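Please open the model in a viewer and follow the stops below in order.

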Amino acid sequence: MSGGDLSDGPAEDSRQAPADPESVAREICLRQLTMAPRTRAQLADALRRRDVPDDVATAVLSRFTDVGLIDDEAFAQAWVQSRHAGRGLARRALAAELRHRGVADETVKDAVAAVGPEQEEAAARRLVARRLAATRGQDPAKRLRRLVGMLARKGYSSGVAYHVVKEALEAEGADLDDAPWSLD
């Protein structure tokens with residue numbers, strides 16, 4: 001017999017029997033959580049994509065929640081802290097990101113409430129200060145539009161954005177009071 005004939009006995013690289021769905025679900029969740037913190041909804045989506053039965057997914061997710069491996073409140077608080085400090089995102093943008101990740105509305109509200117209006121305005125001022133030099137030499141109306149647009153993309157209201165940008169431009173000596181594009 002040739003060494004390539006596998007019909008006469010067990011294969012040398014015999015495979016283990018498929019694992020039970022609960023083990024598969026646990027493995028998927030642990031792998032996902034090892035890569036980065038995840039919300040319960042993100043893990044549920046990962047299990048659904050891997051065709052884990054809903055009842056098994058619910059049981060595994062509940063167990064992970066009970067032991068503290070899944071904590072949407074802690075995830076939301078850490079997310080808000082990180083993204084506000086690191087990227088300067090406003091409360092509106094932070095809330096949208098959390099909702100996109102499947103965090104419940106009440107949890108989103110609680111987490112975003114940690115960023116007060118004063119903190120939000122201070123972050124807007126820092127963002128404008130970083131970008132202000134890059135706009136020097138341009139038409140004041142163009143500078144205003146670009147800086148307000150940058151803040152708007154980060155979730156700041158038009159009122160806060162305009163106020164912070166106008167203040168920064170005036171501090172540089174720009175005369176914005178008589179401009180036809182002034183919103184005052």
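**Stop 1: a salt-bridge network**

Select Arg 125, which counts as partly exposed at 30% relative accessibility (buried means under 20% relative accessible area, exposed over 50%, partly exposed in between, with a 1.4 Å probe and protein chains only). The model is predicted: local features need pLDDT of at least 70, side-chain atom pairs count only at pLDDT 80 or more, and totals for chains, interfaces and linings use all residues. Residues are numbered from 1 along each chain as its sequence is written, and side-chain values use heavy atoms, with hydrogens and water left out.

Helices are DSSP runs (H or I, at least four residues), numbered from the N terminus. Then select Glu 121 as well; salt bridges with shared partners join Glu 121, Arg 125 and Glu 167 into one network.

**Stop 2**

Move to Arg 48 and Asp 45, whose side chains meet in a salt bridge (2.6 Å, N to O). Both residues lie in helix α2 (residues 40–49), 3 residues apart, about one turn of the helix.

Continue to Glu 27, which forms a salt bridge with Arg 31, the closest N and O atoms being 3.3 Å apart. Glu 27 and Arg 31 are separated by about one helical turn, because they are 4 residues apart in helix α1.

Conventions. Salt bridge = Lys/Arg side-chain N within 4 Å of Asp/Glu carboxyl O. Helix = DSSP H or I, 4+ residues; strand = E, 2+ residues; numbered from the N terminus.
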